[in-house]
Amino acid sequence: MSLTSIPYLLLVFFAVIVYYLVSQRMQPWVLLAVSLFFYSTFDLRYFIFLGFSILTSYFITIQMQREEEKGKKRLWLIAGLLLNLGLLFFIKQYAACASLFSRAMGKLGIPVQLPLFDMIAPVGISFYTLTVAAYCVDAYHGKITAQRNLAKYALYVSFFPCILQGPILRYAPLEDSLFSEKGKKKFDYTQFTFGLQLMLWGFFKKLVIADRVAYLVNHIFSNYSEYSGFVLLVGAICYSLQIYTDFSGCVDIVRGTAQTLQIELPHNFRQPYFATSIADFWRRWHMTLSSWLRDYVYIPLGGNRKGTWRKYLNIVIVFFISGLWHGAGLNFMFWGLLHGVYQVLGQMLKTPREWIAKRLGMGSNLPVEQYAMRHRCRKAFQMLITFSLVSFAWIFFRMAGLRGGIEYVRNMFPLDNPWIFSDQTLFQLGLNSSDFIALCVFTLVLVAVDILQRKYCIREKIAQMPMIVRWPIYLTGVVVIVVYGIYGQGYVASDFIYGGF
Amino acid sequence: MTKTQSLKIACFSLLVLILLFFGGKIFQPKWMYGDSPITLQVGGFYEEPEESIDVLLLGSCNMYNAFNPLILWEKYGVTSYVFGSSDQELWTSYYYLKEALEYQKPKLVVLETLFLTHGDAPNEFYNRRAADYMRLSSHKLGLINTYITIEQEWKEGQGDQIVEPIFNYLNYVLPVLRYHSRWNELEEEDFEYWSEKKSYVTKGGTPVFRHTTYEYNRDYMAPSAQSVVIKDKAYSYFSEIIELCKSNGIELVLVKSFSAYFWNDAQHKAVAQLADEYDVPFLDFNVEFQSYGFDLDTDFYSTTGERLNAYGMQKLSDFLSDYIVENYNIAPRTDDADLVDWWNQGIERYNEDVLNARESDPFWERVRLLNKR
């Protein structure tokens, strides 16, 4: 069941009605039933993996908290992590590793053929495994008390909007609202309407922008060898737009759904393309993954406590793992490493960068009040550079293999065909002129909303307006999605990109 | 939830539905030209004065390209309407009949029989054409449901991917969901269509003014030992049509219009046997078609000869009009001044817009001569 399908909307509608009708004790049960039903619509075999993760982590954390001895606790933690992360690694990476190993041994003249299995990859396993791992570690450190009610714990892991593509959950902040611990949740009109508005915005991003730009992106990336220069640059920029609107659109739908049930899920995006550095980008992009990697990989590795070079190494390791998490293939490893290297270089070159900025009259030491324009220029320049670096890395993320990514980049330079912006070339890349113009207009709307959201909550602003203004805004939103959305038999809508991870 | 909040939610949901339902009509394709202007054929039906149609004709292009109600009116003052649609299967005929009975009280139903034995794979294009311009009613919903069920059964049999049934259903009820991709093709006509009356001067009959020579087996009705069976689904909807006619006191006649290639002796026998079984008259214009004056070289506009042109239509309409008046006690409506005025307006517009416009066309010259006969 796709998050943008009519059955999903009906499921949410049904869930909301039943949820607010039943007693406090029954509310988590309703959510669990809906979550299990939602997950069952994919493939019943996936329950084997989900059940494995839930049961192992459930029993291990209970056992872990019973233990007095730190060493035994640690053993339980290692068992929990190995079982769950090991399963994830096996499902996602085994085939690629086995093939790489066989090839490497073959080159050394030792023919070794590791067995390959016809494996299924359960949807959402990358996300719920991290949720489970965080739970085990938090229980080990005593930050949370292990949940003894198996049904409640199963709900935490399988909560239906987030099981597919996150956000990656932490137990502590969610416990009260997910299990209605503070009494029965009564219908809250504001939360309900705010949730629906967030879902509407998610549908807009996904159906109107992401799936529209996908035509252009797919066309260029599938035929990259036939193009060069600015066409490939446009492809790379458009992919940056696609992956942002696709993933953040999905997260908006997920968070909006949860909000209709008065469950507040963590933010996953905060205008990431307005980031002024790569480190800043990762504080704004897929925030729950970034914080997971920070808390459960970077800090345990020593973080920045063990010297500069060790810090750099830790950063590179974290991003390498991030690459592995996103998929099997050298391109994902390269993409992760590239981000690690970006960050390390960014920190190493801090002094020369500041020196150049000072020479250009845009140093950070200038008083903001007096030189506001210069500060704005500096910020805009930093944003442009960060966006360029991120978009460059996305090329490797999007291409099927590392070699393809390198060829794409090689074909992109030199940028020697600016006439594509004045002749009709742009309209022959999978989108006709009217769709291309529509894409530009809707992207401007997105940028405008992202700019406004930096200053205030737009939903709250709209809520303060009189109904005669508010309702036309909502109705326009619905009409724009229905009319300009890419869905149905007139189009072939694409799946969410992050659903594949 | 307070009462005000419930009311707000209900009002907003209603507003969205109304906006999508009515606003979405702009996005529906307007099939108003060509050989089958279904938008006008179906839309025009609703413009006919209530209880003014005495003969209702149902069927595919084999019916609407074959019978011109204006001829029956001019000859005998009897009113009729061809409630046809492309590739009209029996289930469409059944729901069209039910829909028609909401507005009219026909005394006779003429059912074209090609699709009792003939049939193609379910085709969304034909389904949409047939359903899109029906008014929203339980009959329209019934027809949509039948289409979806049949299409799903077919796709399951073929191992094809199935569209979510609920989305498929909503697609028909809220056509904007299906046609929203037309947002960059909209023309003035798409906006203006809904503000205009859509009367169809030829009352569902659709004369086509061109001619193609028939290229296939000319002895298509040669006696054959082969047997053809009536399609299961068609049979059950045929039975429903019989029941519906009986319960409404409507007489039924089966007609096979002059159409080569897709019709043969075996099909004729199968339908004749069915007609016998139900004791319904069956008139097949293909049996000794020369005796009606039909000509394989001049009467068609498709090389396969299943679609009559205006010339063939003129001949068939003449004979069928005579047959109806001779065999059924249907009084002329010439004493109803308003109705006479309404039909004569149609005749005038037809003569002005259609016939006179083609005066210089040598093919149409022959049709005009025939008309004066």
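This is a predicted model: local features need pLDDT of at least 70, side-chain atom pairs count only at pLDDT 80 or more; totals for chains, interfaces and linings use all residues.
Start with the loop between α13 (265–278) and β5 (282–284) of chain B, where D279(B) lies. D279(B) is not a glycine, yet its phi is positive, about 60°. Most residues other than glycine have a negative phi. Is D279(B) buried or exposed? Exposed, because D279(B) has 8 other C-beta atoms within 10 Å.

Look for Q262(A) in the loop between α9 (230–260) and α10 (278–284) of chain A. Q262(A) has 18 C-beta neighbours inside 10 Å, so it counts as partly exposed.

One more backbone point. Most peptide bonds are trans. The bond joining F413(A) and P414(A) is cis, with omega about 0°. P414(A) sits in the loop between α16 (402–412) and α17 of chain A.

Now the helices. Take α8 (residues 189–222) and α19 (residues 467–484), both of chain A. Their axes come within 10 Å and cross at roughly 25°. Angles under 35 degrees count as roughly parallel, and α8(A) and α19(A) are therefore roughly parallel to each other. The crossing of α8(A) past α19(A) is left-handed. Which residues make the contact? From α8(A), they are L200(A), F203(A), F204(A), L207(A) and V208(A). From α19(A), they are G477(A), V478(A), V480(A), I481(A) and Y484(A). By class, that is nine nonpolar residues, one polar and no charged. Keep the helical repeat in mind here: an α-helix has 3.6 residues a turn, so residues three or four places apart point the same way.

Stay on α19(A). Its 18 residues should span 26 Å at 1.5 Å a residue, and the end C-alpha atoms are 25 Å apart, which agrees. I481(A), V482(A), V483(A) and Y484(A) of α19(A) are buried. What covers the buried residues of α19(A)? On the chain A side, the cover includes α8 and α17 (433–455). From chain B, it includes α1 (3–23) and α10 (176–179).

That takes us to the contact between the chains. Chain B puts in 21 residues and chain A 18 residues. On the side of chain B that touches chain A, α1, α9 (165–173) and α10 of chain B each supply at least two residues. Of these, α1(B) gives the most, with six residues. By class, that side of chain B has 14 nonpolar, five polar and two charged residues.

Conventions
Residues are numbered from 1 along each chain as its sequence is written. Chains are lettered from A and ligands numbered from 1 in the order in which they are written. Axes are lines fitted to C-alpha atoms, for helices over the stretch in contact, and angles run from 0 to 180 degrees between N-to-C directions. Helices (H or I, at least four residues) and strands (E, at least two) are DSSP runs, numbered from the N terminus. Angles under 35 degrees count as roughly parallel, over 145 as roughly antiparallel, 65 to 115 as roughly perpendicular and the rest as oblique. A crossing is left-handed if the near helix is turned anticlockwise from the far one by less than a right angle, and right-handed if clockwise. Two residues are in contact if their C-beta atoms, placed from the backbone, lie within 7 Å. Ala, Val, Leu, Ile, Met, Phe, Trp, Tyr, Cys and Pro count as nonpolar, Asp, Glu, Lys and Arg as charged, and the others, Gly among them, as polar. The expected span of a helix is 1.5 Å times one less than its number of residues. A residue is buried if 20 or more other C-beta atoms lie within 10 Å of its own, exposed if 12 or fewer, and partly exposed in between; C-beta atoms are placed from the backbone.
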